Amino acid sequence: MTTYTARPVEPRVLKELRTADDAGRPMAPFTDDEGGAPLRCCLRRSEPGERIALVSYAPLRRWAAGTGARPGAYDEQGPVFVHAEECAGPTAGNGGNGHPFADAHRTVRRYSADGHILGGQLVETVDDDAFRNAFDDPSVALVHVRAVEYGCFLYEVRRPAA
């Protein structure tokens, strides 16, 4: 069991993104013929034949709106895959318990309570040690796990409650 929780895109936000993404574009669903897309709604890879969409998502902007942070130039948006229809979200087998998308090198990017980047670390394995190292700095409020090859946001982890 992990101490750190991978946070998918919240259902309320998914509903908004399925109407218009964070760039203001309508969702354009398609059938994933190959499978393997990293779905940020349920933190698993898509299966062939599933209906998914690629939407623009601004995770730091969404977090800042709830916390009052002012990320300024660090506010960025990027592409994320989601199910085209509502899904059940993460379950124990697909990221609800453990570290999803841990099958490749990842970047663990640290952010302050103001929403500013404090640094990042390339990790071979996404595990509790990677998050412990990130949160060893008391000024780190949350981290984003990102894909190395494209820099895409995969999921967020917040500082555990004391």
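Tyr4 and Phe135 are both buried, where buried means under 20% relative accessible area with a 1.4 Å probe, protein chains only. The model is predicted, so local features need pLDDT of at least 70 and side-chain atom pairs pLDDT 80 or more, while totals for chains, interfaces and linings use all residues. Residues are numbered from 1 along each chain as its sequence is written, and side-chain values use heavy atoms, without hydrogens and water.

The whole structure holds 3 aromatic pairs; rings of Phe, Tyr and Trp (its six-membered ring) pair if their centres lie within 6.5 Å. The rings of Tyr4 and Phe135 are stacked because their centres are 5.8 Å apart and their planes are at 5°, and stacked means planes under 30 degrees apart. Tyr4 lies in the segment before α1 (11-19) and Phe135 in helix α3 (residues 128-135), so the pair ties together parts 131 residues apart in sequence. Helices are DSSP runs (H or I) of at least four residues and strands are runs (E) of at least two, numbered from the N terminus. Ring pairs join Tyr4, Phe131 and Phe135 into a cluster.

Two nonpolar cores can be set side by side. Such a core is a set of buried Ala, Val, Leu, Ile, Met, Phe, Trp, Tyr and Cys residues joined through side-chain atoms within 4.5 Å.

| Core | Size | Residues, among them |
|---|---|---|
| Largest | 18 residues | Phe131, Phe135, Val143, Tyr155, Val157 |
| Second, separate | 17 residues | Val9, Leu14, Ala37, Val82 |

Phe131 is in contact (heavy atoms within 4.5 Å) with residues including Tyr4, His99, Val143 and Tyr155, leaving aside neighbours within four places in sequence.

Methods:
Rings of Phe, Tyr and Trp (its six-membered ring) pair if their centres lie within 6.5 Å; planes under 30 degrees apart count as stacked, over 60 as edge-to-face and the rest as tilted. Buried means under 20% relative accessible area, exposed over 50%, partly exposed in between (1.4 Å probe, protein chains only).
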